[in-house]
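Let's take a walk through this structure together, one spot at a time. Have a look at it first.

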Amino acid sequence: MQKAHLLIVDDEKNIISSLTRPLTREGYNIRSALTGQEALDILQRAEDGTEEDIDILLVDVWLPDIDGLQVLQKAKEISPDIIPIVMSGHASIDTAVKATKLGAFDFMEKPLNLDKVLLLIEHALKYRRLEEANRGFRQAIEQEYQIIGQSQQVLDMIERISIVAATPGRVLIAGENGTGKELVARAIHANSNRQEGPFIKVNCAAIPNELIESELFGHEKGSFTGAHERKKGKFELANEGTIFLDEIGDMSLPTQAKILRVLTDNEIDRVGGTRPIRVDVRVIAASNKNLEEEIKKGNFREDLYYRLNVIPFMVPPLRERREDIPLLAGHFLKLYCRETQTKARKFDTSAYRVLMNYAWPGNVRELKNIVERVAILTRSDVIGEREISSVLPPSAVMTQSSVNNTNHDISYFPEKSLKELCEEYEKKVIVSALKAHDGNVSRTAEVLDLERSHLYKKLRQYNISKASDAE
């Protein structure tokens, strides 16, 4: 395996040579510079791609042209991933502190101890590999939880997320199963000032009633049979972050009362505990049930509902943002191929036609499952209508009433780009809806769940003339 590239910056040639020889024997690729500007030029050429990237920068504090700490600072601006190690024969605590604040990995005093230098470089490279692994993990998580779509519903939802994230208010997310309520919760957290804190998910429907209090609030050792040690609950684990209470409509009334107390006092009581514990947690809740109906049935506390529902959020079902289906399907197929390290594949237009005709009662989650299923069962590079139809249930063809009673026809997809296909479909839906409502723009906008001004833009975009404007 190729060793790392190091850049040694020191105005003393004997220091450079005394480091270059042993580091080269260890397999490291060494560059050197006698001035700060020479070092920055090397880093800039590496960043421009004309020279090899520099992994580690060893820089002396005292240089003839630029202060070593200035070199460190500019080096991090040019190459944020570089790991700087500062050297000095005139060490002081103040210099070491400044170097650390500017991003130095460590600080070495001269005369240098070669064994210490080798060990420090090894540690720095381990740190770099760990950072790269974490960055890759974060990118994978971001891709997995990315909100995909270009429909107006998705664009409106993303805009609302940005507004909501900037506030500390509690959020109650409503939506059918599989629509992506957790994605919205994660996006709110990721764009809030708590993004560096934990995001803790609790599926209230999956935890037995006798265990949910311990799961949420923790317990003390010996508080019940099987409690062999103290355990922190989800609220403590989410401190200074966000807790996501999914399917909160399935929570028992006694537990609801205790959640209400947390929201009121910002305190929890561990099971078997004798003192309250303060927590700083943003609460985001979600439910696929109509909680107002559950209140009428006596299954949900009205006071808790109003505590949670500071900012209501509705996630639309997939059938109401049908133009996003090709983008989602392509995204899930790409994720599957990457995760399984299999060759890249794609859907053809006949496959998209079938996918867009299906009613998707399980929403985005069902679409992801279908994509994974067809990817497992299909060996060809291009997935078509036959392959998709074979994995869909027999009721895959939509009924007319499932698409807002419109009479659009999407049975034929010419060989066009995905954008053109989506625009063609959208135009047909708008024209059919206008006809169904005698050209009434207000009623058509209401049925299509669009702002009237946005529908007017679409009419101009597609050069659609309405029969009348009976408003």
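Where is the place of Glu267? Glu267 sits in strand β11, residues 267-268. Before going on, note that this is a predicted model, where local features need pLDDT of at least 70, side-chain atom pairs count only at pLDDT 80 or more, and totals for chains, interfaces and linings use all residues. Residues are numbered from 1 along each chain as its sequence is written, and side-chain values use heavy atoms, with hydrogens and water left out. As for the naming, helices (H or I, at least four residues) and strands (E, at least two) are DSSP runs, numbered from the N terminus.

Back to Glu267: its side chain and that of Arg278 are joined by a polar contact of 3.4 Å. (That term is for a pair of N or O atoms within 3.5 Å; within protein, one must be able to donate a hydrogen and the other to accept it, and residues adjacent in sequence count only if both atoms are side-chain atoms.) Setting aside neighbours within four places in sequence, Glu267 is in contact (heavy atoms within 4.5 Å) with Arg261, Val262, Pro276, Ile277, Arg278 and Val279.

Now for a pair of helices. α2 (residues 36-48) and α3 (residues 68-78) pack at an angle of about 10°, their axes 10 Å apart. Here axes are lines fitted to C-alpha atoms, for helices over the stretch in contact, and angles run from 0 to 180 degrees between N-to-C directions. α2 and α3 are therefore roughly parallel to each other, a label for angles under 35 degrees. On the α2 side, the contact is made by Gly36, Leu40, Leu43, Gln44 and Glu47, and α3 brings Val71, Lys74, Ala75 and Ile78.

The peptide bond from Lys110 to Pro111 is cis, with omega near 0°, and Pro111 lies in the loop between β5 (106-109) and α5 (114-144). Glu247 is not a glycine, yet has a positive phi of about 55°; look for Glu247 in the loop between β10 and α10 (253-265).

Note on methods: Angles under 35 degrees count as roughly parallel, over 145 as roughly antiparallel, 65 to 115 as roughly perpendicular and the rest as oblique.
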